[in-house]
Structure formats: structure tokens, C-alpha cells
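Here are a few friendly notes to read alongside the model. Keep the structure open and find each part as you go.

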Amino acid sequence: MQRRLDRVLAVPLACSMAAAVLAGMLGAPRFVSAQVKTWTDALVAGLGLQRQGHYAEAERELRSALELARTSSDPAALPRAMNCLGVLKQIRGDYAAADALYRKAIERYAERPAAPLDMASVLLNQARLYGAQGRLQDAEAAGQNSLAIFRTQPDVDRASVADALDALAWIHFQQGRYRDAESGYEESLALRDEGGPRGDLAL
């Protein structure tokens, strides 16, 4: 069980699947502010800097992405930017700011429920945040909602479902619900065996 717990604690936080794909495809030079033209440019730059551990610079770029997203015609732009900035805030230990950003992103997605996988990713981040704070009931609720969305989407990858299962199992472990935790880990491992290695981000 401890091996599985260590494995879950090493899971990278989710930002937004689309943003993760962009970052992986395009890469991100360390200093790109002068070249930023769109919210996606700034988002890719911020994610790249975050991966390199340049958190202050990453936050500058992600804040730029957030402001640019406010004028985007894409309704998913603003909540995606909020989610990604929330992830960075969570990494840096600013849990209150992360929670506020996740809540705003969830509200946006609820208003226009056209991106269920993105919504599930935010809920998964929120579950991990609440788990880290010891808010286990809130964490479980967010995790269950995330898992329910992932399970109902025909185009979801197995790694995303497995990540949600891992997060819930970790929460159940903290609650002392060891059988539920064991069951969640076993299902997660089975999914990963079927679907290959864990994805980089559930962003």
C-alpha cells in the first residue's frame, strides 16, 4: 500500500488537456514575452517555464494568458487559463489563490458545459488541493465528480480515469478506508496496464 501511496503523491497536477498538448507540441523557450500574440502563446510559454522550475516567470506568462483569454472568442479560453494558473499557485503553496481560480473555472464551465473533460480536470485538481489541506470530505466530493465525468466521456483516455482513481484512493487512504483505497489503486493499475504509461499532464 505504501508503494502505491508514494506513486500517487508523485502524480503531476492537471492543468488542461488542450494546454498540455500545445506545450508538448510547440515547446516553450525560456523568455518569450516579446513574442506572445495570443493567450495560447502565453499559456504554452508559462507551462514550459513551469516545467523548468522557473515559477516566477511562469506566473507572469500565465497571468498574461489569463488577461488575453478574457478577450478570446473561445469560451474555454478563460477557464483553461484559470485552471493552469491555479495549478501553478498550488505548486507554489498558495492554496487560497489556487482554490479561488479553480472555483471560478468551474463556474465558467458550468455556464457553458461544452468542455466536460476540461471540467473534470479542474475538479481533479481541486480534489488534490483539498486532500493536501486535509479537507477530505470536500476532496472526495470533487474527486467523485471528476471521476464520474471522465467515465461518461467516450473519447477519454484511460490514463485520465486512472489519475482520478488514484486521487480518490489517496483520499480514501487518508480517511482510513483502506479497502476502498486498495480497490481504487487496483482498478487504476489495471487501466494503466491496458492503456500504457501515465500521461504527462491531465491539465
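Predicted model: local features only at pLDDT ≥ 70, side-chain atom pairs only at ≥ 80, totals over all residues.

1. The protein chain has ten helices and zero strands.

2. Now look at the chain as a whole. Of the 203 residues in the protein chain, 51% are buried. The accessible surface comes to about 9500 Å², and carbon and sulfur atoms account for 51% of that surface. Among contacts with a separation of 6 or more, 66% are between residues 24 or more positions apart.

3. Which residues in H5 meet H6? On the H5 side they include Leu78, Pro79, Met82, Leu85 and Val87, and on the H6 side their partners include Tyr95, Ala98, Leu101, Tyr102 and Tyr109. Sorted by class, the contact of H5 with H6 has twelve nonpolar, three polar and four charged residues.

4. H5 also packs with H7 (residues 116-133), at an angle of about 20 degrees and with the axes 11 Å apart. H5 and H7 are therefore roughly parallel to each other, since the cut-off for that label is an angle under 35 degrees. H5 passes H7 in a left-handed crossing.

5. In the contact between H5 and H7, Arg80, Asn83, Val87 and Gln90 in H5 meet Asp118, Ser121, Val122, Asn125, Arg128 and Leu129 in H7. By class, this contact has three nonpolar, four polar and three charged residues.

6. Finally, have a look at glutamate 140, which lies in H8 (residues 136-152). Is glutamate 140 buried or exposed? Its relative accessibility is 17%, so glutamate 140 counts as buried, the cut-off being under 20%.

7. What does glutamate 140 touch, leaving aside its neighbours within four places in sequence? Its contacts are Leu168, Ile171, His172, Gln175 and Arg177. Leucine 168 is 28 residues away from glutamate 140 along the chain, yet their C-alpha atoms are separated by 6.4 Å.

Methods
Residues numbered from 1 in each chain as written. Heavy atoms only, no water. Contact = heavy atoms within 4.5 Å. Helix = DSSP H or I, 4+ residues; strand = E, 2+ residues; numbered from the N terminus. Nonpolar A, V, L, I, M, F, W, Y, C, P; charged D, E, K, R; others polar. Buried < 20%, exposed > 50% of the residue type's maximum accessible area, 1.4 Å probe, protein only. Areas by Shrake-Rupley, 256 points an atom, 1.4 Å probe, with all protein chains shown as cover. Axes fitted to C-alpha atoms, helices over the stretch in contact; angles between N-to-C directions. Parallel < 35°, antiparallel > 145°, perpendicular 65-115°, else oblique. Left-handed = near helix turned anticlockwise from the far one by under 90°.
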